[in-house]
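Let's take a look at this protein together, starting with a pair of strands and then moving out to the domains. Have the 3D view ready.

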Amino acid sequence: MDLSRFPRRIYTEHPTPIEPLPRFSEWLGGPEIWIKRDDLLGLAPGGNKTRKLEFLAADALAKGADTLVTCGAPQSNHCRITLAAAVKEGLRCRFVIEERVPNSYREDASGNNFMFRLLGVEAVTVVPAGTDMTAAMQKVADDLAAEGRKGYIIPGGGSNALGGLGYVACAQEMQQQWFEKQLRFDHLVVGSGSSGTHGGLLAGFLGNRIDVPITGVGVSRDPADQEPLVHREAQAVVDLLGLDIQVPREAVVSVGGYWQPKYSVPNAKMVEAVQALARTEAILLDPVYTGKVMAGLIGLARQGRFKAGERVLFLHTGGAPSVHAYEAELLGSMPVAD
Ligand SMILES: *Cc1c(COP(=O)(O)O)cnc(C)c1O
């Protein structure tokens, strides 16, 4: 598929590495685990939102915007990376932050909040859980317009059809890497949140006829709520690409049970996963996303859904800055939920 007709800014010069995890695989016992290092993407430091922003920022520039407006949770990687893209492009950036856990936003918190300030966010509006984020961002854009400026609204997680193209590009990048290294995988495991990553990959796999099954691990919803979101996103990306494909509902597979008690709130399986990867491979996972996603991979291997002799590729979507906002939990010096 030819993505070159979509304007794109380039924030990472090279494909991200695909590496085996021999010590982690030995620790786990069973399947052979590999990792795709999307935590090494560009933008201070990068993660999956970097790939989406390549297309979204290009569109903002094409439309003459001077300010990126987006939203997220208090430790949002998406907000940090959107801000980083804005800095790089000479744009300004404003956030609407949703306090999904009441009173959890502290301007002086560490992790991503610290980076919001270091990178120079122009304004942050904090709203309570359940606020209509689309309307709240429109209000920011209206305020900018009243001053003669032009905002460009990016939805939460950058997960619209255009943002999803970033993971179509990733699918194509992986296809080429597998070909060059003569690698075959039996499963791909990816975090599933606002759904642009999971949905974009699925669109890219269908469009390029890659038949490796994708398992999404929910970071905020169980399958009954998550899968329709991913299905809609994948179809929107397929439609934007102009492909004559109906995304089969059964191609959307996610697992729940690893994100509880709540989005962004630590649990014991996440702590085990973060410690295990740090101590076997010196790779940092984050407490909100990739730690819970790796806990899902570990759980599926232990349940026998990923078997000895199979090869599983884990997509590392980034998020490392937030480890600093959860140090006591990750070191086991503060109790967490089961
Ligand atoms: C946003 C995010 C995800 C989830 O990706 P979506 O495209 O929102 O589903 C996973 N991992 C990290 C580190 C993230 O920041």
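## A sheet of strands

Start at Val96, which sits opposite Thr125 in β5. The strand β4 covers residues 92-99 and pairs with β5 in parallel fashion over 6 bridges. (Strands are DSSP runs of E, at least two residues, and helices are runs of H or I, at least four, numbered from the N terminus; two strands pair if DSSP finds at least two bridges between them.) Strands in a sheet pair through backbone hydrogen bonds, parallel or antiparallel.

Zoom out and you get an open sheet of 4 strands, paired in parallel, in the order β5-β4-β3-β6. At the edges are β5 (123-128) and β6 (151-153), each pairing on one side only.

## About the model

This is a predicted model, where local features need pLDDT of at least 70 and side-chain atom pairs need 80 or more, while totals for chains, interfaces and linings use all residues. Residues count from 1 along each chain as its sequence is written, and side-chain values use heavy atoms, leaving out hydrogens and water.

Domain 1 is 18-47 + 160-330 and domain 2 is 49-158, with bounds from an automatic or database domain assignment. So who touches whom? On contact (heavy atoms within 4.5 Å), 31 residues of domain 1 meet 27 of domain 2.

There are 2 salt bridges between the domains, a salt bridge being a Lys or Arg side-chain nitrogen within 4 Å of an Asp or Glu carboxyl oxygen. Arg51 and Glu173 form a salt bridge through their side chains, at 3.0 Å from N to O.
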